[in-house]
Amino acid sequence: LVSRDNHPVRSTVRVGGVPIGPDTVTLIAGPCAVETPQQTLEAAQMAKAAGATLLRGGAFKPRTSPYAFQGLGEQGLRILADVREKTGLPIVTEVVDAHDVPLVASYADMLQVGTRNTQNFALLQAVGAAGRPVMLKRGMSGTIEEWLMSAEYIAQRGNLDIVLCERGIRTFETATRNTLDVSAVPVAQRLSHLPVIIDPSHSGGRRDLVLPLTRAAIAVGADGVIIDVHPHPEQALCDGPQALVDGDLEELARIMREFPPLL
Ligand code: PEP
């Protein structure tokens, strides 16, 4: 269903009216985690100022440590809905458990499946039936073939509104949090008709790498980027070191304006 063999024309997925697909480079930005109404609103305003047309923000956070901040849950979803009301930005947010899919789908414009859940098949089937577009991250140790098979689980439930997101993979390199596999973009775009975006924030795990990796994403033909921003990253409850700050936004906006989409 997701193969390009049976569907030669590359697809565009619409999220609350915002297109992600071959004719544009969509900027999705916002806080890694929803922490407070003020922090989420400020991050959304930063995102919008940089040219973002979709707001990201995690209310359910899949953390490596059970002692780390796990997200605000439904309270976080309510904050996101309020910020959508104030900014007009549709919401992309993660769901980590199949049982929570109806709840998250009742607030979200797009459901995110994170790298740790790319092969959680019950979750994939549940999001496939939820009636919302889905952003499917690549498993951190997953092959492109496995990633596309995960997309197939979603598509099988009747949902072809799927966006693939390369977010870096595990390699022997320790200088960066993950290794961004830029070649995954053209490879996945040749194998599948689905849009493919890049997450430069979770790939490098470092603020100083986000803008260079954003340039790489656009140069390689990605259909969008998803970027963490935070008004006070030193106080962030999740992934502060990779969040862009106010001072980075002008450059981000310039990159988004100046790199034309590869038509
Ligand atoms: C995220 O985008 O908030 C996230 C946790 O990403 P990943 O699943 O790629 O680690």
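# Exercises on a predicted protein–ligand model

By class, the shell around the ligand consists of two nonpolar, four polar and four charged residues. In this classification, Ala, Val, Leu, Ile, Met, Phe, Trp, Tyr, Cys and Pro are nonpolar, Asp, Glu, Lys and Arg are charged, and the others, Gly among them, are polar. The model is a predicted one: local features need pLDDT of at least 70, side-chain atom pairs count only at pLDDT 80 or more, and totals for chains, interfaces and linings use all residues. Residues are numbered from 1 along each chain as its sequence is written.

## Exercise 1. The ligand shell

Identify which residues lie around the ligand.

Solution. Step 1: apply the criterion, by which a residue is near a molecule if its C-beta atom, placed from the backbone, lies within 6 Å of it. Step 2: read off the shell, which is made up of Cys 32, Gly 58, Pro 62, Glu 94, Gly 114, Thr 115, Lys 137, Arg 167, Asp 199 and His 202. Step 3: note the predictor's scores for the complex, an ipTM of 0.99 and a pTM of 0.97.

## Exercise 2. The overall fold

Determine how the radius of gyration of the protein relates to that of a compact globule.

Solution. Step 1: count the elements; the protein has nine helices and ten strands. Helices (H or I, at least four residues) and strands (E, at least two) are DSSP runs, numbered from the N terminus. Step 2: take the globule rule, 2.2 Å times the number of residues to the power 0.38, with the radius of gyration taken over C-alpha atoms. Step 3: compare; for 263 residues the rule predicts a radius near 18 Å, and the protein's 17 Å agrees with this. Step 5: consider the contacts, where two residues are in contact if their C-beta atoms, placed from the backbone, lie within 7 Å. Of the contacts with a separation of 6 or more, 67% join residues 24 or more positions apart. Step 6: check the confidence; the mean pLDDT is 96, and 98% of the residues reach 70 or more. Here pLDDT is the predictor's confidence in each residue, from 0 to 100.

## Exercise 3. Individual residues

Decide for Ala 151, Met 110, Asp 239 and Pro 233 whether each is buried or partly exposed.

Solution. Step 1: Ala 151 belongs to helix 5 and is buried because it has 27 C-beta neighbours inside 10 Å. Beyond its neighbours within four places in sequence, Ala 151 contacts Val 2, Leu 136, Ile 162, Leu 164 and Leu 194. Step 2: Met 110, in strand 6 (residues 110-113), has 24 such neighbours and so counts as buried. Leaving aside neighbours within four places, its contacts are Val 15, Val 92, Arg 132, Pro 133, Val 134 and Met 135. Step 3: Asp 239 lies in the loop between strand 10 (224-228) and helix 9. With 20 other C-beta atoms within 10 Å, Asp 239 is buried; its phi is positive, about 55 degrees, although it is not a glycine. Step 4: Pro 233 lies in the loop between strand 10 and helix 9, yet has 18 other C-beta atoms within 10 Å and is therefore partly exposed. Apart from neighbours within four places in sequence, Pro 233 is in contact with Gly 240, Ala 243 and Val 245.

Key:
Buried ≥ 20, exposed ≤ 12 C-beta atoms within 10 Å, placed from the backbone.
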